[in-house]
Amino acid sequence: MDFAVDSTQFDWENLRYFIAFARIRSLAAAARVLNVEHATVSRRIAALESALKIRLVDRRSHRYELTENGERIAQLGNRMQETACALSRTVCAIRTERVADITLSTPPHLATHFIAPHLGRLREQCPDVNVRILSSLRMASMARREADIAISVGRPTETDLVVRKIGTLDFGFFAAPAYLQGRSEADYEFIAHDDDQEPSPQRIWLEHAAGQRPVVLRVKSFDVQAEAARAGAGIALLPVFMAGAQGGLQRVAIEERPLHAELWLVVHRDMRTAPGIRAMMDFLIDCFAAHHE
């Protein structure tokens, strides 16, 4: 019996989906990273199993679990993906043409308030640079070339990265003046940041400050939190610049100590000299320098 894998019929995209699942160990989380439905991830894994003629995941429990063979294939697939990404970075770094397609990973509130207002200047200064913005709280992986440049809240821990601190975000508690009027501290209600993975320092800080008082709204977007606070829904922990941008909010003296978050500009060391990358990095540095002036 022939168990050989026919490479001409092998869909490498199925392997990419399987690697994403194996890295996170969750169909739903892998689907979010890949920007597809979780059923698509499941179907891709099944197709890969059919092509390889081996079982990669155990479906007997409520969760997909990697089999022993699945673990081995995931390790091999990760090494293949890392090699392919390294090749891609090297090619980009040695190309000499000016046109560059650059993917930037940044949290949504930073894209909205720090970067977007200056994009007209970028087009004037660097007309050959085409930008794709991944607006997500999760920093994309530089090693897997999910992005070429990133703005990270907190210093990243991935290896082979070149990082530069470009600013600091100050946080504070804010609410609508009408919400606070006549309300005792014991009756405060809170608006919290909603995290998919590990709780953020902001969420931990808010829940510590709230204590036994209720969190009545959880939402990922700081912009939505700010608008909800303006509407009188409760007290939100916000970047200070956002609270002052449109008014309508009053600072609430709850915090025992100031909360700050460092902002870091991140690029893979193989990409820092690539065409357009240096120009984009300088542009981003200027965006945050202008805000802190």
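The model is predicted, so local features need pLDDT of at least 70, side-chain atom pairs count only at pLDDT 80 or more, and totals for chains, interfaces and linings use all residues. Residues are numbered from 1 along each chain as its sequence is written, and side-chain values use heavy atoms, with hydrogens and water left out.

**Overall make-up**
- The protein contains 11 helices and 11 strands, taken as DSSP runs (helices H or I, at least four residues; strands E, at least two) numbered from the N terminus.
- Of the 293 residues, 42% are buried, that is, under 20% relative accessible area with a 1.4 Å probe, protein chains only.
- Among contacts (heavy atoms within 4.5 Å) with a separation of 6 or more, 73% join residues 24 or more positions apart.

**Packing of H2 and H3**
- Helix H2 (residues 27-34) packs on helix H3 (residues 38-52) at about 100 degrees, with the axes 8 Å apart; axes are lines fitted to C-alpha atoms over the stretch in contact, and angles run from 0 to 180 degrees between N-to-C directions.
- H2 is therefore roughly perpendicular to H3, a term covering 65 to 115 degrees.
- H2 contributes Leu27, Ala28, Ala30, Ala31 and Leu34 to the contact, and H3 contributes His38, Val41, Ser42 and Ile45.
- These residues comprise 7 nonpolar, 2 polar and no charged.

**Helix H9 and its ends**
- Buried residues of H9 (residues 222-230) are Phe222, Gln225, Ala226, Ala228, Ala229 and Arg230.
- Ser221 caps the N-terminal end of H9, with a side-chain oxygen 3.2 Å from the backbone nitrogen of Asp223.

Conventions: Buried means under 20% relative accessible area, exposed over 50%, partly exposed in between (1.4 Å probe, protein chains only). A polar contact is a pair of N or O atoms within 3.5 Å; within protein, one must be able to donate a hydrogen and the other to accept it, and residues adjacent in sequence count only if both atoms are side-chain atoms. Angles under 35 degrees count as roughly parallel, over 145 as roughly antiparallel, 65 to 115 as roughly perpendicular and the rest as oblique. Ala, Val, Leu, Ile, Met, Phe, Trp, Tyr, Cys and Pro count as nonpolar, Asp, Glu, Lys and Arg as charged, and the others, Gly among them, as polar.
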